[in-house]
Structures are given as structure tokens and as C-alpha cells.
Protein chains: 2
Amino acid sequence: MNHQVRTVFIISDGTGITAETFSHSILAQFEIRFKQIRLPFINTLEKASQALLEINHHAEKSGEKPIVFTTLVNEEINAVINQANAMVMDMFHTFVAPLELELKVKSTHAIGQFHQNIDTESYRNRIEAINFSLAHDDGQSHKNLESADVILVGVSRSGKTPTCLYLAMQYGVKSANYPLIPDDFERGVLPSELKKYQNKLFGLTIQANRLSEIRNERRPGSKYASLDNCRYEVNEAEAMMKRENITWLSSTHKSIEEIATTILQVIKIDKPTD
Amino acid sequence: MNHQVRTVFIISDGTGITAETFSHSILAQFEIRFKQIRLPFINTLEKASQALLEINHHAEKSGEKPIVFTTLVNEEINAVINQANAMVMDMFHTFVAPLELELKVKSTHAIGQFHQNIDTESYRNRIEAINFSLAHDDGQSHKNLESADVILVGVSRSGKTPTCLYLAMQYGVKSANYPLIPDDFERGVLPSELKKYQNKLFGLTIQANRLSEIRNERRPGSKYASLDNCRYEVNEAEAMMKRENITWLSSTHKSIEEIATTILQVIKIDKPTD
């Protein structure tokens, strides 16, 4: 690991969240430490001039060109930032220009388009899905379960709740989740309220030792968290999911983004995306 | 609006979520309808060949080149997709190549780096923050409130919960939220448990007519949802926030991304980002 620290600016006329996420992925490819400064809502020439001063100040102070990722739709604002004593990565025009040629259509250059517009079906779906997922977390409610897009099942602490919230927030997918508990294993059948939604069920499982670690953080030394009990619950849950023909995956080494992506591939939900 | 529908592929060796979000922003600049096909986890030459067939099949069927956004770190896999009869927008190499020159360092070309790695402090913080935000939603718990990064206050249905969850999920920011209710307005002071955390408080407000609309979806015709009551609550909440010197914003026309970005600018939390 190199010890230099390079300054990175994220400059956007909106929130800059997309540019930030993308630039993190790119910069993670370099074994250099970066210090990030995000300048969101740069939507006037005045704010652009302020940003320009700040970038040039950093360049002078450090003796190195800052790296600047921009998503600035407006040409004049973009031109101001392009004067900076910096390496500017223009994420907008780099892709829009060749697309205009290929699609034989001019881009609208609408600033409002680039960030999340709240007056869209897609945005309303996301907010509605968040509320739905909160109301249907951890088997809290059977109300309106028929309007769920997916119902996650699995033992307590297998990753159901964050996955549901992610599916709702990112995709507007209405996700409920139901814990599989020792009572269910003793009865040997799925909770009856889930039976009728079998085509919406998706299972999460997790390695018993990882589950035990997670549960011990919450309830140290409890039977609930013990490795023996975790082994029992995981084995029973996996056996039940096999028996009931539920598609499932192991969350042990997967991020919520990876789990959500896999679920979407399996359940094939068609949601409007803009 | 043009009536043609153009096929767009998102091809990634990870989830493709970053590429998907970014491509939506770019494509929203064009008044053309797009049909998106996301092909995640393309991390072997075999999967790349399958993807190539699928792209070429679409090209042939539609008589038009599909648009392909890729974030493929591996050169060989990338080379396969580049053979496609398509317009390929290589989001990875487009930016990595000039960065290698500027930084005078070779990129690691590590696939694992490009998507969310769960063994990082940043990922653990996000999961912990989601759990924290759920436990501290709607004033549910005063426990560990001192470890909150921010505490949102505002009338019921002003947007506190989705904003807290977004802050937690995207940034690992531990966000609690407290409703301001008519009891508080009658007493004329902040709930006592909040007083000691005044430097963590951030307010959300909302236009009374919009609030009334939102509440009427939940409880149609109720006093709670009536315009008069919403006006009363909003006025009282804003007066209280002024009196208590709490920074606040109106959520009426803002997405949760915009609200979260503004809050982060104000509270200046320093969290590790990779």
C-alpha cells in the first residue's frame, strides 16, 4: 500500500450518490489512499466557481492534481469545472456523446432527469415498498401478504431484514419476511399462512458457526446463540426448504446487494425503472 | 417520445447494481424507451460466451445494435463481450486506463474489489446501522441513543423513517428518529430524552397539504389526516424547531437521496467508505 493520499472530488448537480458509488468501485482498483470530498447540488455557475476554487486550492496545497469525478449535465457549469487544475473524469459527457451518435437522438440535457425524480411511479413504488417491508418484517403481519412480491424465509439472523429493505429501497420490490422458528421445526411444516403463497417464497440460510457468531453479539452465551442450537436450526430449516421445494441461497459470504440480485434473477419481478 | 424500444444490457462480474443505477441516469437523458436486461455475476469465460450469444441474438432479432454497459474487470472476459454486435460502453476501462497514467500505479484488476466486500468495516457498519435504525424507529427506544450519529425529528409521516434507513444502508450512518406529536406541542418543549442530544438533532418538515394527502392514504377521513390538523402540527413543529435551534429542511419536493445528502452536508459525519 502506497502511503500517498490523493484527494478525490465528486461533483454533481444532484446528490452525486451515483457518481460516488461508481468512483468508489473504480478507485478500489488502486492501492492508494484517497480522501473524498463530495460537492453535491452544484447547479449554478456561482456554485461551480466556488467548487473550482476549492479544487485548485487542494491542488496547490498538495502539489498534486486532485481526481475529479463529475456528473454535470449543464455545459456551462461543466466548462467551469473543466478549467480546474485537476484530472477531470466526466462521467456524463463521456457516455452521452457516443450514445447521441448511436441513437441518432440528441440528449435532453435535463438536469432533473439525472437525479431521482420523486414524481415517478418508480419512486412512489420504492417508498410504498419500504413501508410494506417494515410492516411485514419478521412475520409481524399477515395483512396484504398477497401483495408481496417476495416473502423471505429463514432462521432468525440469517439476513432477511436487511435484504428485504434493500429490495424495497433499491427496486421498489415489496418484500415480507418470516422467521422459521423451533416451533415450525417441531410441527415439521411451514407456517400455515405461508403455504398459500408458496410461489413467492425464497429461503435464506447461513453457516451454523457464522450464525452463532452473529447471535452471540446480540445475546452472548444464550442457548439461542449456541453453536449446537444454531446447527439444529440451520439443519431443520434447510430440510424444510428442500421438502417444500423452496429456492434458497446461503447468505454466509454474500452482501445484501448480492443476495438481492440473486433473488431478483430467480423471482423475475418486472418493475418500472424510471 | 420516440416509439422505438432499444435493448440495453448491463453486464457485470458482480451484481451490476452500480452500472445499472448509472446507466439509468445516462439513459434518462434520451427520449427513447429502453428495455433493460441485467446479466450479473459474469465471472467466467463460459458465462461471457453465453452473454455474447444473448446480445447477438437480440441484435439480430431487432435489427439494431443493443446498448451494452459493462463493468468487467477481467481483460479476457471483457474481450469476449467486446466482440458483440453492439454498442459497448466499457465503464471500467474507460476510467481505469487514464487513472493508471495519472496515478502512475497499475490497477490491481481485482474482481473482488469492484463489488461490495462483506469483510470490511464499512459493510459491517452498514448492517449495524440498519439494525440500529430499525430499533430506533419512531421513538421506539431510548437505549444507546448516545451512539446515534443523527436523530431525525418531525411530525408523523414527514419522511423520517425512509431517510433513516437510507442513511444507514448507503452510508452506515446510525440514524434514530423521533416523532413530534401533539403532546409535545401542548407542553411546548422537546421530549426530554432528546434535549441532551441536541447537537445530533435534524428536523424534517413538509407542506401541510402534502402531509394531509399522505396521511389520508393511510387513514382516510381521519382527524389525524385532516388538512386543519396537518396545518396545526406542521406550524407547531416548525415553531418548536426554530425555538430549539434545530436545522431542518422540507421534504415536500425532495427524494430520500436528496434529504440524506443534505443531512450529511450539515452533520458532517466521517465514516470509512471502503
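## Salt bridges across the interface

Chain B and chain A share 4 salt bridges (a Lys or Arg side-chain nitrogen within 4 Å of an Asp or Glu carboxyl oxygen). The model is predicted: local features need pLDDT of at least 70 and side-chain atom pairs pLDDT 80 or more, while totals for chains, interfaces and linings use all residues. Residues are numbered from 1 along each chain as its sequence is written, chains are lettered from A and ligands numbered from 1 in the order written, and side-chain values use heavy atoms, without hydrogens or water.

One salt bridge joins R6(B) and E102(A), at 2.7 Å from N to O. This pair runs between chains, from strand β1 (residues 5–12) of chain B to helix α4 of chain A (DSSP runs numbered from the N terminus: H or I of at least four residues for helices, E of at least two for strands). R6(B) is buried, at 4% relative accessibility (buried is under 20% relative accessible area, exposed over 50%, partly exposed in between; 1.4 Å probe, protein chains only). E102(A) is buried as well, at 18%. A salt-bridge network links R6(A), E64(A) and E102(B). R126(B) also pairs with E257(A), their closest N and O atoms lying 2.7 Å apart.

## Extent of the interface

The contact draws on 76 residues of chain B and 76 residues of chain A (contact: heavy atoms within 4.5 Å). Interface size is often given as the accessible area lost when the parts come together. Here the buried area is about 6,700 Å² (1.4 Å probe, summed over both parts). Carbon and sulfur atoms give 69% of that area. On the side of chain B, Q29(B), F30(B) and F95(B) lose the most area to chain A. Together these three account for 11% of what that side buries.

Across the interface, 16 residue pairs are in polar contact, with both residues at pLDDT 80 or more (N or O atoms within 3.5 Å; within protein, one able to donate a hydrogen and the other to accept it; sequence neighbours count only through two side-chain atoms). Helix α1 (residues 17–27) of chain B gives the most to its side, with 9 residues.

## Chain A as a whole

Chain A holds 12 helices and 8 strands. Its radius of gyration is 24 Å, well over the 19 Å that the globule rule gives for 274 residues, so chain A is more spread out than a compact globule (C-alpha atoms; the rule is 2.2 Å times the number of residues to the power 0.38). The C-alpha trace spans about 70 × 45 × 30 Å along its principal axes.

Of the 274 residues in chain A, 55% are buried. Contacts with a separation of 6 or more are 69% from residues 24 or more positions apart.

## Helix α4 of chain A and its end

Helix α4 covers residues 93–103 of chain A. Its buried residues are H93(A), F95(A), V96(A), L99(A), E100(A), E102(A) and L103(A). H93(A) has a relative accessible area of 17%. The side chain of H93(A) makes a 3.1 Å polar contact with that of N78(A). Leaving out residues up to four places away in sequence, H93(A) touches L72(A), V73(A), E75(A), N78(A), P98(A) and H109(A).

K104(A) follows α4(A) and sits in the loop between α4 and α5. Its phi is positive, near 55°, in a residue other than glycine. K104(A) is exposed, at 72% relative accessibility.

## Loops of interest

T120(A) lies in the loop between α5 (111–114) and α6 (121–135) of chain A. At 17% relative accessibility, T120(A) is buried. Its side chain reaches the backbone nitrogen of Y123(A) at 3.1 Å.

In chain B, R157(B) occupies the loop between β5 (150–154) and α7 (160–171). R157(B) is not a glycine, yet its phi is positive, about 75°. With a relative accessible area of 25%, R157(B) is partly exposed.

## Salt bridges within chains

Over all chains, the whole structure has 22 salt bridges. E128(A) pairs with K174(A), the closest N and O atoms being 3.0 Å apart. E128(A) is in helix α6 and K174(A) in the loop between α7 (160–171) and β6 (175–179) of chain A, so the pair ties together parts 46 residues apart in sequence. E128(A) is partly exposed, at 44%, while K174(A) is buried, at 17%.

In chain B, K106(B) and E100(B) form a salt bridge with closest N and O atoms 3.4 Å apart. K106(B) is exposed, at 66%, whereas E100(B) is buried, at 15%.

How values were computed
Buried area is the accessible area (1.4 Å probe) that two parts lose on being put together, summed over both.
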